[in-house]
Amino acid sequence: MHDGNMASTSQSAKDYVKNARLHLVRELRNLSVILENLYQQGVLCDEEVSKIQAERDGYDKTRKILDSVTKKGEAACYVLLKIIDMTRKRTLERPPLLPEKSSDAPTESKKFDLHHWISCFSFKDTHVDVNYLQGPRPCHRYQEKLKSKVKKISNEFWLTSKTLFGGNKKPDLSYTSLVLDTEESVSPCKIKKLKKKKSNMSRPKKLRKYIPEEKPDISPTELLETDKNILLVGKPGIGKTTLTHEMLRLWAERESKELDYMFYFDMRETSHIRNAKSLEELLFGVFCEPDDGKDEVLQDILRHSDNVTIIFDGLTDLCSSVVEKLLKKDLLPLAKIIITCRADEEDEDLFSGNFDRVEVKGFSEQTIKTYLSATLGEDQTKVLSNLELVTLCHVPMYALMVAACFSSKDAPQPCTITEIYINIVRFFLQINSKTKKKDLNSFIKTKREEILSLAEVAFLSAERKTVNLTDLPCEDSCVLSFLKPLLIKEAVTETITTHAFLHYTVQEFFAALWLLKNPDKIRDVFQQCLKEEKKHMKHLIPFMCRLLNEKSPSLMKHLIPDKDLKNTSNWFFKELINTFHPHLCEQEEADTEDSGLHVDILFLCQCLYESQSPEACIYLLDKLDYHLDLSGESLDPYPCCAVAYVVTQSKERKILMNLEDVIISEQGMRQLFGCLENVEWCDPLPRQMWEIFLVSEKQMDFVSLLSLDGNQLHLPVDGEKHLFERAVEIIQRMPTKVNVCLYWDRKTSACQSLCESLLEALLFISSLSFRGPESWSQEKYHGTLEREQKRLFMDLCLKAALHDGPNFYNLLQSGP
Ligand SMILES: Nc1ncnc2c1ncn2[C@@H]1O[C@H](COP(=O)(O)OP(=O)(O)OP(=O)(O)O)[C@@H](O)[C@H]1O
C-alpha cells in the first residue's frame, strides 16, 4: 500500500491508527464490541480474542488490540477504523456537549477529540452494507425482545377493535392516516368567532365543520425520526393511542443498524407505574425485562439515553417520581419522550417548553372514505349517503363503531342508527373504565346519575340550539369522554372553559335520553318540532324511538325503571304518528311552507324503523289506508331501508306504492326489493327501476337477475327460486312485452325452477333467446317464438337441467 505523498486521496489507515494510539488507549470504550466486530470481520481469530480478553485491564486490552491489528497491516487497520466509525456512539467517549469558548487559549488539558479524529479519515467505501455490532450482545438481544413485545402489543391493540366485527368477515384494521396539526393551538378568540357563526349555519354545513381539513403536515415516520419531545393532544377516541402504536410498529419493523430502545406505558394502568420506585423497575419491571446482562443493558440505556424513546400514553398527572424525573430530564437527559393526553388534561405547567405540540384531529373527509371502504367494502355506500354518520366518523373511535355496526352481514337488516350510538356509548364507557364486557351492564347502572346529568345538560343546550354546555355535568372521567373542552376568552384576564360533545348528533342522542327520563315533556317537544324555531328538536325523535325498545344493545333499562319505559312506549308512537301524520300536519305545513318545514312520511318511516316495532308500523299503515305515496321523494339507501321495513310489517294487506319521479340510488333500490312482495303498484314500474337494472348487471343479489340491454332483459340461469319468481313478477308488470335472453353459464340446479317460473310469464315475453358459454359455440340460439314454441323451449331447458351443457347445445341446434 502506498502512503505519504498519496495521503490526500488515500490515507494510510495504519499510520492513522498509530498516530492516535495514545488517545485510543486512554479513551476507547466498549472493548467487547470492538473485539466482537473484529472477530466477525475476520481480522482476529478465536485465540487472539481470548488472549486479549485475558489482559488485566482496559488499557492493556486496548494496547493489545491495537498491537494485534497494526501487526496485521493496512487492511486490518482499515477495518478497525471502519468499526470505530460505525460504533463511535458507544466506543468513543462522548464529545463535550457545549463547545468550549474559543476565546480561551488552548490549554494542555484540552482533549483530543476522537469523534473529530475519526470523521476526518476518508473512507473509500461510503455505503454501509456490513452489519456492525453496535453494543454489547445482551443489549442487542434486549432490543430484539423489545421489538417483539411491541409487535405483540400492536397486534393485541388491533385485535380489540377487530372483535367488534361479527361473523368471519373481519376486516384488516390498520393505521389510517390522521390529520395532525403542528400549529399552535387555536386561540380562544377564534373559537368564539367560530361558535357564533355556527348557530346560523344549515345543519349539513354545521355537520361538515366537524371534519378536519387535510393537511400535508407530518407523518408518524417523521414523528418517530425527530429528536424532539412530542406532546400529542386531542379529543377522546381521536386516535392518539393509535398513533403511538403506529410509531411503535414502525420502529419494530424498521431495518435499522442503530441499537436503540423504545418503551410504551399505558398510564391508565397506573398502579404498576406508581409502584415503580426506580428507572430499572419502570423499564424492566413494568414493561419488559432483559433475559440476560441486565446491568449491562441498564448501563447502556443510562449512558446512551439519546437512543431511548419513552411513550407515556394518557398522562394526566405525575403519578410517580420516576415519571416526573424522566419528564424533567433528571433521568435519561437525552431520551425522547412522547406524551399523549386529552385536550382538557393538557397541563401547560407540566409539558410546556421542551415538547413539540401536535394536535391529533381525526380523519379527514378522504380518510373517512378510505377507512369505510377498507372496513365495509361495498357496504360503505350505506354510510356515505348519510351525512350525519359520515361526519360522525371524523372521530376514529366512532368510525370504528359505525363500520362494526354496518358490517354485521349475518343480521337480516342493517343495524339502526340509534343502535350505533348505543354501541358507541357502551363502548366508550367500557374502554374508559376498563370494565369487562360481561360487567358492563352493571357498570352502567352504577354510573346512572352521571349519565343522566350529562343527558340533562345535553337537552338544555339542544333546546337553546347551542353546542356549548355551560355547566359541566360531573367530574367523572368516563362520562366526560364524550366531551371536548372549548376555551372561550371572556376578558383579557379571564378564559372560561366550557364543554361540547364530540359531535352534535351525540348531544342529540343524550338529549333524547333525557327526554325519556322526563316523559311529561315529550308532547311539548313534538309540538315544538312543528315550529320553525324549534324544528331542530326533530332530530331527537328517531333516537327516542329506538331507546324505548328493550332489545340488545340495551341502555335505557339500566338508567330508568322498566315500567316507566313501558308506560311511555304505550302512548309514544300513537302520539308521534298523529302529530306528524301528513294529513294532520298539512295545516301547519301550509303555514310554514316558506320556511321549508317538511315533516314527511319518510321521517315517520325512519322513526318506525328505529323503533323496530311492527305494531307501530301497522298503526301508521292503517292511518295511511295502506297507501304509501313517495312520489317525488329523493330516497337515500337508509330511508329505503326504513320504507322496506315498514312495508314488510304488513302481513295481511298489500301496500299501494307510488314511486313516480323518485330519485333513488341502486343501493336504495336493492333495499326496496326486499319488500316487493307486499307491494301493489299504482303505475307501471317507474323508469328509474329500469335504469337500476341497466347499471347493475354485475352486482350480486336480485338486481343482477335483470338487466336491460336495448329492450332485452337478461337472466343468468343461476340463482334461487324466489329470485326467479320475483323476476317473473317484474316481467308481468312491464308496460310492454319484453325480450328475454337466458344466460347459461354453467349447469345449475336452479334451472328447473327458473323454467317453471318463466312459464308463468310467457304471455308477457315477446321473444326468448339463449346464450351459452363461449366454449359451446360462437353462435347463439336466438329467435322469436310463438307461445307454443316457447313452451317447447322451456321443455328443452328443463331437459337440459338434467343433462350436461354440450348435449343441451346439441338439442338446441336441432331446434325446439
Ligand atoms: N388512525 C387510525 N386508523 C384506524 N383506526 C383508528 C385510527 N385511530 C383510531 N382508530 C380507532 O379508534 C379507536 C380509538 O382510538 P384511540 O384509542 O387511539 O383514541 P385516543 O385518542 O387514544 O382516545 P382516548 O383519549 O380515549 O385515550 C382505536 O381503537 C382504533 O380502532
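Domain bounds here come from an automatic or database domain assignment. In this predicted model, the assignment gives domain 1 (4-95 + 112-135), domain 2 (139-151 + 210-366) and domain 3 (698-813). The centres of domain 1 and domain 2, taken over C-alpha atoms, are separated by 35 Å. Seven residues from domain 1 and seven residues from domain 2 form the contact. On the side of domain 1 that touches domain 2, two residues are nonpolar, three are polar and two are charged.

Two packed helices are described by the angle between their axes and the distance between the axes. Helix H3 (residues 31-40) packs with helix H5 (residues 58-72) at an angle of about 25°, and their axes are 11 Å apart. Angles under 35 degrees count as roughly parallel, and H3 and H5 are therefore roughly parallel to each other. Their crossing is left-handed. On the H3 side the contact involves Leu31, Ile34 and Leu35, which meet Gly58, Lys61, Thr62 and Ile65 in H5. By class, four residues of the contact of H3 with H5 are nonpolar, two are polar and one is charged.

For helix H28 (residues 522-529) and H30, the axes come within 11 Å and cross at roughly 20°. H28 and H30 are therefore roughly parallel to each other, and H28 passes H30 in a right-handed crossing. Ile522, Arg523 and Phe526 of H28 make the contact with Phe572, Glu575, Leu576 and Thr579 of H30. The contact of H28 with H30 comprises four nonpolar, one polar and two charged residues.

Helix H9 (residues 137-162) and helix H13 (residues 240-253) have axes 9 Å apart and pack at an angle of about 140°. That angle makes H9 oblique to H13, because angles over 145 degrees are needed for a roughly antiparallel arrangement. The crossing in which H9 passes H13 is left-handed. From H9, the residues Lys147, Val150, Lys151, Ile153, Ser154 and Phe157 meet His245, Leu248, Arg249, Trp251 and Ala252 in H13. Six residues in the contact of H9 with H13 are nonpolar, two are polar and three are charged.

Burial was examined for helix H32 (residues 601-611), which is mostly covered, with eight of its 11 residues buried. The buried residues of H32 are Leu604, Cys605, Gln606, Cys607, Leu608, Tyr609, Glu610 and Ser611. These buried residues pack against helix H23 (417-433), helix H29 (540-547), helix H30 (562-580), helix H33 (614-623) and helix H34 (637-648). Just after H32, Gln612 takes a positive phi of about 55°.

Ser305 lies in the loop between helix H16 (294-303) and strand S4 (308-313). Ser305 has 18 other C-beta atoms within 10 Å and is therefore partly exposed, as a buried residue would need 20 or more. Leaving aside neighbours within four places in sequence, Ser305 is in contact with Leu332, Pro333, Leu334 and Ala335. The C-alpha atoms of Ser305 and Val79 are separated by 28 Å, and the two residues are 226 residues apart along the chain.

Conventions
Residues numbered from 1 in each chain as written. Predicted model: local features only at pLDDT ≥ 70, side-chain atom pairs only at ≥ 80, totals over all residues. Axes fitted to C-alpha atoms, helices over the stretch in contact; angles between N-to-C directions. Helix = DSSP H or I, 4+ residues; strand = E, 2+ residues; numbered from the N terminus. Parallel < 35°, antiparallel > 145°, perpendicular 65-115°, else oblique. Left-handed = near helix turned anticlockwise from the far one by under 90°. Contact = placed C-beta atoms within 7 Å. Nonpolar A, V, L, I, M, F, W, Y, C, P; charged D, E, K, R; others polar. Buried ≥ 20, exposed ≤ 12 C-beta atoms within 10 Å, placed from the backbone.
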